[in-house]
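Q: I'd like to learn how to read cavities and strands in a model like this one. Can you walk me through it?

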Amino acid sequence: MTSDQWEKVKLEIMNDTSRANFKNWIEPLKFREVEEDVAIFNVSTSFLGEYVSNNFGDLILRKIKGFEPKLKRINFKVVSNVWEEHSEKTSKSDVSAEAPSHKTQKARPVSNPLDESFTFDRFVVGKPNELAYAAARRVSEGGPAIFNPLFLYGGVGLGKTHLMHAIAWELISRKEDRNVVYLSAEQFMYRFVQALRGDSVMDFKETFRSVDVLMVDDVQFIAGKDSTQDEFFYTFNSLVANSKQIIISADRDPGEIENLEDRIKSRLQYGLVVDLHPTDFELRLGILQSKADQKAAEYPNVRIADGVFEFMAHRISTNVRVLEGALTRLYAFASLVGREVNLDLAKDCLADILRRSERKISIEEIQRLVVDYYNISISNLIGPSRERIYARPRQIAMYLCKQLTSRSMPEIGRRFGGRDHTTVLHGVRRIEALRINDAQVAEDLEILRRSLEG
Ligand code: ADP
Ligand code: MG
């Protein structure tokens, strides 16, 4: 096969794969040579080679065989990795003599795989994440490292990993030989510990020097391991000193990561720290709509009634992963039932997810809200006074506890100044009756309930 033929093969592959896949995976491959029955390609990182081989290997081989049937395998050679170039050079100069290089490539930092769908164009931006998004975009331009490190933090499932991968994709697409390394903190530790065991700590240090951009995800997991922290700190400082971009994520603010050395905390805060806030209704709805558009191709016959996404965005928690899970389930279900999925069907299908993401309302919360609402004190609410200005709010609060929590009557009684369960029962019955006959009580209950269910 020749380079020209490879260009033709590429055109065929382009017709058989999505544009994003083609751009991310096929385009960056450079045909190198044929060795016996193997077609060899140059790639910029070994990750790229591994990924292409696992995901597109069969497709590529099939297409190549159309031109050159004798080919049986494809293989990849990492070339523009600084480290490898370096070792190629040393091995060449070895011919002419001295120090045999003992520097093998065993500790070359290999990026964890990047998720193909974690790109910027699939990231829905809303108030809770706009700052993090803007910062990520900026860093992905690959200019001089102005925010160093960029520290992204936020709760589970809010898009930290998605943003980091998106930065990596963008950086690679702008300059394909950029050595972008994305690692979970666990991977970082694992590699370091392996280097310690294999007595190759120098190699470990050396290899990280060839990195242009280092991303470490979920750095809260690095806490507590002294030697790894030292190594992390060292790596970190030497990269920053060389103006290499570093991007870190964690589930909380650097200052709040326990067991993290103070010098590291303050170092991490030195760049730009941005947080991803819990999603709000608007963002959740936007995400659902965007994911639904993506699903439309896969499920052309599925119809979802108006209002179903709104319902889901209201009821399913702030964790986007849970929301995605619900949507996937809904589509699979919808494709089976073969008719439009209305709200009732959706509720059935998602019952357990809805139940799990119900917000837990506590007795304290109800008590606090009720005393605020009626402008009385907690001690009056749970105290012995039978005056109506206290007794009525007390009964209302008990009623709400019975309705909105899973606490038993004896337990509710205990939390209202050690009252007997019959007192609670009496209060609940009283309010049930008033709710029907007393418009004011009905209105109060409605307002309180709404604000509790938020
Ligand atoms: P984290 O790393 O913060 O725990 P992830 O980045 O893994 O969260 O996100 C969890 C899932 O939710 C992923 O599938 C991701 O694509 C999706 N997700 C999170 N935020 C968004 C968003 N704003 N737009 C689209 N998808 C999102
Ligand atoms: Mg993550």
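Q: Let's start with the second largest cavity: which residues line it?
A: Keep in mind that this is a predicted model. Here the lining is made up of Lys205, Phe208, Arg209, Tyr234, Thr235, Ser238 and Leu239. Two elements each give two or more residues to that lining, namely helix 8 (201-209) and helix 9 (226-241).

Q: Which of them gives the most to the lining?
A: That's helix 9, with 4 residues. Sorted by class, the lining has 3 nonpolar, 2 polar and 2 charged residues.

Q: Now strands. Where do the side chains of a strand point?
A: In a regular strand they alternate between the two faces of the sheet. Take strand 6 here: Val213, Met215 and Asp217 sit on one side, Leu214 and Val216 on the other, and all are buried, so both faces are covered.

Q: Why is strand 6 called largely enclosed?
A: Because 5 of its 5 residues (213-217) are buried, the rest of the structure largely encloses strand 6. Buried here means under 20% relative accessible area.

Q: Which strands pair with strand 6, and how do they run?
A: Strand 5 (residues 180-184) runs parallel to strand 6, joined by 5 bridges, and Ser184 stands opposite Asp217. Strand 7 (residues 245-250) is also parallel to strand 6, with 4 bridges; there, Met215 stands opposite Ile247.

Conventions
Residues are numbered from 1 along each chain as its sequence is written. Chains are lettered from A and ligands numbered from 1 in the order in which they are written. This is a predicted model: local features need pLDDT of at least 70, side-chain atom pairs count only at pLDDT 80 or more; totals for chains, interfaces and linings use all residues. Side-chain values use heavy atoms; hydrogens and water are left out. On a 1 Å grid over the protein atoms alone, a cavity is a set of points where a 1.4 Å probe fits but cannot get out, and a pocket is an open set with protein on both sides within 12 Å along at least five of seven lines; lining residues have an atom within 4 Å of a point. Ala, Val, Leu, Ile, Met, Phe, Trp, Tyr, Cys and Pro count as nonpolar, Asp, Glu, Lys and Arg as charged, and the others, Gly among them, as polar. Buried means under 20% relative accessible area, exposed over 50%, partly exposed in between (1.4 Å probe, protein chains only). Two strands pair if DSSP finds at least two bridges between them.
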